[in-house]
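Here are a few notes to read alongside the model.

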Amino acid sequence: MPVRSTDEWIRTSLRTPGIFIFGLVMAPCGWILDLTATVAPNWRTLHNLPNLSPEVFIQQGIFDICRGTSTSTRDECGLQDTAYFRNEVIEPAQGLMIASLLVTLIGLAVAIPGIRCWRDRPNWVVAGLGGLLIFLSGVMTIIPIAWYTHILQNVTTVTPQIDVRVGYCIILGYIGGIFEILGGFVMFIGICRCCGGKNRGESRVDEVSPSRFRNQPPPRRVDVPSLNRVRTNVSSVPYSNDSLDEDVSFPRAKSPAPRSVNTSYNGRPYDADL
C-alpha cells in the first residue's frame, strides 16, 4: 500500500461540499427573480395622472409599457412612448439583463459537471469557473437596476410625471442579483484551498489518520474455553454419584396409603344423615 505524504489532503466526508449546495440553491433562485424583473413592465409606476381618473396608473418597464387601474386586474399593454425608450438607460438595461440570464445558465452548465456529486472528489477548477460566471451574471443584473434607480425621477416620458414610484421589478432585480453574487462567490472560493481546507471539507492525512485510531475503543477481550482440557472423574455437578443410589423420598411422589373400610356400616341412613 503506498504511503501518503503529510502534504496530501483527503476529504473527511463524501457528501457534496456545502459551498456547492449553497451556490446551486442561490443561483437558480436569482435567475428566476431576474427573469421576472426583465419581462415584467413594472420598473416604475406613474400615479395621479392629469385628466385621468385617480385609479389609473402607468407601468413602465424596459420592454413594454402598460396602463392599469386599481379596480381591475386587466392591463392595457403595448403603449407607444418613443421618448421613454430613447433614454440612454433603456438599451443598456435590455442588453445587460438578457446577458445576465444567459450567463447564469452557462455558469450552471459549467458548474454542475464540475461538482460531480456522484464521485469522490469534485473538479474544483471547473466548478469554480462556473461560480465565477454566476457571480458576473449577478453583477450584470445589479448594474442596470442601480442605474435605473439612480435616475428614476429623471427618465423622460411623454406622460406627465406627477407621482413616480419604484416598481416591484427593481426589488426583484436587486434580490436576484444579490443571490447570484453570493452563490457565485461562495462557489468560486472552492477553486483554491484556504482556511486549512475547511472551505473544501478537507484535512491533512497526518491530522485525520491518528485521530481516527485514537478515538476507536480498545478491542474487547473474549476468553474462549480450550477444547484440550484433561478429562477427570470429578464431576462439576454439586452432588456425588453415590447419592444417586440412596432412596430419596419425595412426599408428593409417594402413592397414597390404603384407606380402612368400616364393616359395621350397613348402608342404612341415620337421622344425622337426613
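This is a predicted model: local features need pLDDT of at least 70, side-chain atom pairs count only at pLDDT 80 or more; totals for chains, interfaces and linings use all residues.

1. Five of the five residues of β3 (residues 56–60) are buried, so the strand is largely enclosed by the rest of the structure.

2. Next, look at who sits beside β3. Strand β2 (residues 44–47) pairs with β3 in the antiparallel sense, over three bridges. If you want a landmark there, find L46, which stands opposite I58 in β3. With β4 the pairing is antiparallel too, this time over five bridges. Here the landmark is Q59, standing opposite C66 in β4. Getting from β3 to β4 takes a hairpin of four residues.

3. Now zoom out to the whole sheet. It is open, has five strands, and runs in the order β5-β4-β3-β2-β6 with antiparallel pairing. The edges belong to β5 and β6 (163–166); each has a single partner strand, so one side of each is left without a neighbour in the sheet.

4. Then there are the cysteines. How many disulfides does the count come to? The count comes to one, and it joins C66 to C77, with an S to S distance of 2.0 Å. The pair links distant parts of the chain: C66 lies in strand β4 (residues 65–69) and C77 in strand β5 (residues 76–77), 11 residues apart. For reference, a disulfide is a covalent bond between the sulfur atoms of two cysteines. The link between C66 and C77 is right-handed, with 105 degrees about the S-S bond.

5. On to helix α1 (residues 18–39). Its 22 residues should span 32 Å at 1.5 Å a residue, and its end C-alpha atoms are 33 Å apart, which agrees. The buried residues of α1 are I19, F20, G23, M26, A27, G30, L33, D34, A37 and T38. They cover an arc of only 160 degrees around the axis, which puts them on the same side of α1. What do the buried residues of α1 pack against? Their partners are α3 (90–115), α4 (124–150) and α5 (168–188).

6. Last, a quick look at α3. This helix has 26 residues and reaches 37 Å from its first C-alpha to its last, close to the 38 Å expected at 1.5 Å a residue.

How values were computed
Residues are numbered from 1 along each chain as its sequence is written. Side-chain values use heavy atoms; hydrogens and water are left out. Helices (H or I, at least four residues) and strands (E, at least two) are DSSP runs, numbered from the N terminus. The expected span of a helix is 1.5 Å times one less than its number of residues. Buried means under 20% relative accessible area, exposed over 50%, partly exposed in between (1.4 Å probe, protein chains only). The arc is that of the directions from the helix axis to the C-beta atoms. Contact means heavy atoms within 4.5 Å. A disulfide is a pair of cysteine sulfur atoms within 2.5 Å. Two strands pair if DSSP finds at least two bridges between them.
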